[in-house]
Amino acid sequence: MQLEEALNHVESQVQLMAASLTGQDGVPAPDVVSERLRSCMVAFSGLAQNFTPEQFTPALRQRMQVISQTLALQREHLVRMGAITAQQAQVLVPQQRDGHTYGEMASTAAPQGGRAAVSKLYHISG
């Protein structure tokens, strides 16, 4: 496989990742595309080692820089999405305090119904 063909394949996987991150219909999930992209990059890296620096024309170097910049932007996007998801999860399922997920432990002076209103989240292993 030629270096330019391999670079075309890497570019197509980067474009597929962009489509996946924007949620386009018919595109695999980011985790699937990410694994494909990683495998493609590893293959490209192995192939590139067989070429001399002179074979990397200015056009090929420019394309590789664009790929690198695009991957950096995609990584930043994924980090932001992860932070937003973590914040949303925290709102929906707050961290446990005093062994309870929702609300404070009812005091002993509270009526029995008050204690029943406290929900507890259980973790199922398996």
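From the N terminus on, the elements of this chain follow the order α-α-α-α. The chain thus described contains 4 helices and 0 strands, where helices (H or I, at least four residues) and strands (E, at least two) are DSSP runs numbered from the N terminus. The structure is a predicted model, in which local features need pLDDT of at least 70 and side-chain atom pairs count only at pLDDT 80 or more, while totals for chains, interfaces and linings use all residues. Residues are numbered from 1 along each chain as its sequence is written, and side-chain values use heavy atoms, with hydrogens and water left out.

The pLDDT, which is the predictor's confidence in each residue on a scale from 0 to 100, averages 81 over the chain, and 75% of the residues score at least 70. Over residues 114–119, however, pLDDT stays under 50, and the model has 11 contacts beyond four places in sequence for these residues; contact means heavy atoms within 4.5 Å. Where pLDDT is low, the predicted coordinates should not be read in detail.

Some totals describe the chain as a whole. Its accessible surface comes to about 9,300 Å², and 57% of this belongs to carbon and sulfur atoms; such areas come from the Shrake-Rupley method with a 1.4 Å probe, and for residues only the protein chains shown count as cover. Of the 126 residues, 21% count as buried. A residue is called buried under 20% relative accessible area, exposed over 50%, and partly exposed in between (1.4 Å probe, protein chains only). Among the contacts with a separation of 6 or more, 50% are made by residues 24 or more positions apart.

The helices may now be taken in turn. The buried residues of α1 are L3, A6, L7, V10, Q13, V14, M17, A19, S20 and L21, and they pack against α2 and α3. Just after α1, G23 takes a positive phi of about 75 degrees.

Q13, in helix α1, counts as buried because its relative accessibility is 11%. Leaving aside neighbours within four places in sequence, Q13 is in contact with V33, R36, L37 and C40.

Helix α2 covers residues 30–48; this helix of 19 residues reaches 26 Å from its first C-alpha to its last, close to the 27 Å expected at 1.5 Å a residue. Its buried residues are V33, L37, C40, F44, L47 and A48. They cover an arc of only 90 degrees around the axis, which puts them on the same side of α2; the arc is that of the directions from the helix axis to the C-beta atoms. An α-helix has 3.6 residues a turn, so residues three or four places apart point the same way. The cover over the buried residues of α2 includes α1 (3–21) and α3 (58–92).

L37 has its place in helix α2 and is buried, with a relative accessible area of 7%. Its contacts, neighbours within four places in sequence left aside, are V10, Q13, V14 and L71. The C-alpha atoms of L37 and M17 are separated by 7.9 Å, although these residues are 20 residues apart along the chain.

Helix α3 has 35 residues, which should span 51 Å at 1.5 Å a residue, and its end C-alpha atoms are 51 Å apart, in agreement. The buried residues of α3 are L60, R63, I67, L71 and Q74, and their cover includes α1 and α2. Q74, which lies in α3, is buried, with a relative accessible area of 8%. Beyond its neighbours within four places in sequence, Q74 is in contact with V14, M17, A18 and L21. L78 also lies in α3, but L78 counts as partly exposed because its relative accessibility is 38%. The C-alpha atoms of L78 and L21, 57 residues apart along the chain, are separated by 8.3 Å.

What joins these helices? The largest nonpolar core has 15 residues, and those with the most contacts inside it are L3, V10, V14, F44 and I67. A nonpolar core is a set of buried Ala, Val, Leu, Ile, Met, Phe, Trp, Tyr and Cys residues joined through side-chain atoms within 4.5 Å. The elements that give two or more residues to this core are α1, α2 and α3. F44, leaving aside neighbours within four places in sequence, is in contact with L3, A6, L7, V10 and M64.

Key:
The expected span of a helix is 1.5 Å times one less than its number of residues.
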